[in-house]
Amino acid sequence: MGVYLSLRVASLAALLALASCGGGSGDGLDSNGRPLPPGGGSGDGALTPDLASIQSHVFTPICTACHAGGSAPQGLHLDEANAYTMLVGVPSNEVSSVLRVKPGDPDNSYIIQKLEGHAAVGARMPFGGPYLDDATIAVIRQWITNGAHQATAATAVRSAAATPPTVGVSRSEEGI
Ligand code: HEC
């Protein structure tokens, strides 16, 4: 009887262990349980719509092969130190009426036109391919739609949460 019981307990524990393995966000899924966008390169974890993630998955491993250093095409540097200031709110060289990244408006952001291959001038990016897959471009679009912020979404959420609620007008003015 005692042996039987402990066997039962052991197999129950094994079942529980199996069940807990299957739960949660498994490998290959993002935090919403969707499959990870393929392609992107060597960044850690899933590609997410924030600049740090796009930098480590796309700009650094793929674009800086050309877009870095003194001979960067169109003067566009996409290394970590320069990407934000070279992109956001900056007119493109090829079509100066179109910003490279127009916050909130991916369709009118030149980088998206270049990545999707319908810019008015020049070739699709990355030049000569292989091109980014739709899922990767969709994440870059989402970053732009969200306002093309420099900080990660997580940082922005954290600092918003850390801001104490304002109780009265005079109090909030004091703080600033
Ligand atoms: C193999 C080299 C190469 C790679 C890799 C490459 N580019 Fe380019 N890029 C170029 C060249 C050359 C031009 C200019 C000629 C053209 O537009 O066809 C250019 C132009 C551009 C422009 C236009 C800039 C302006 O101000 O007019 C953008 C935007 C751009 N690339 C984005 C990217 C992005 C984003 C990546 C990575 C996903 C990338 N490129 C990867 C060579 C490259």
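Two residues are in contact if their C-beta atoms, placed from the backbone, lie within 7 Å. By that criterion, and leaving aside neighbours within four places in sequence, Val101 is in contact with Leu87, Val88, Ser109, Ile111, Ile144 and Ala148. The model is a predicted one, in which local features need pLDDT of at least 70 and side-chain atom pairs count only at pLDDT 80 or more, while totals for chains, interfaces and linings use all residues. Residue numbers start from 1 along each chain, as its sequence is written.

**Overall architecture**

- The protein contains seven helices and zero strands; helices (H or I, at least four residues) and strands (E, at least two) are DSSP runs, numbered from the N terminus.
- Along the sequence the pattern reads α-α-α-α-α-α-α.
- Of the 176 residues in the protein, 22% are buried; a residue is buried if 20 or more other C-beta atoms lie within 10 Å of its own, exposed if 12 or fewer, and partly exposed in between, with C-beta atoms placed from the backbone.
- Among contacts between residues at least 6 apart in sequence, 42% join residues at least 24 apart.

**The nonpolar core**

- The largest nonpolar core comprises 25 residues, and those with the most contacts inside it are Val101, Ile140 and Trp143.
- Helices H2, H3, H4 and H5 are the elements that give two or more residues to this core.
- Such a core is a set of buried Ala, Val, Leu, Ile, Met, Phe, Trp, Tyr and Cys residues joined through C-beta atoms within 7 Å.

**Helix H5**

- Thr136, Val139, Ile140, Trp143 and Ile144 are buried in H5. These residues lie on the same side of H5, because they cover an arc of only 145 degrees around the axis; the arc is that of the directions from the helix axis to the C-beta atoms.
- The buried residues of H5 pack against helix H2 (51–59) and H4.
- After H5 comes Gly147, which has a positive phi, near 115 degrees.

**Helix H2**

- In H2 the buried residues are Leu51, Ser53, Ile54, His57, Val58 and Phe59. They line one face of the helix, since they fall within an arc of 160 degrees when seen down the axis of H2.
- Their packing partners are helix H3 (83–87) and H5.
- Ser53, a residue of H2, counts as buried because it has 21 C-beta neighbours inside 10 Å.
- Ser53 and Ile140 are 87 residues apart in sequence, and their C-alpha atoms are 9.8 Å apart in space.

**Ile112 in helix H4**

- Ile112 lies in H4 and is buried, with 20 other C-beta atoms within 10 Å.
- Not counting residues up to four places away in sequence, Ile112 touches Pro106, Asp107, Ile140, Arg141 and Ile144.
- Ile112 and Val101 are eleven residues apart along the chain, with 8.1 Å between their C-alpha atoms.

**The ligand shell**

- The ligand is surrounded by 24 residues, of which the closest are Cys63, Cys66, Pro73, Glu94 and Gly122; a residue is near a molecule or strand if its C-beta atom, placed from the backbone, lies within 6 Å of it.
- Helix H4 (residues 110–116) supplies the largest share of this shell, four residues.
- The shell divides into 15 nonpolar, six polar and three charged residues. Ala, Val, Leu, Ile, Met, Phe, Trp, Tyr, Cys and Pro count as nonpolar, Asp, Glu, Lys and Arg as charged, and the others, Gly among them, as polar.
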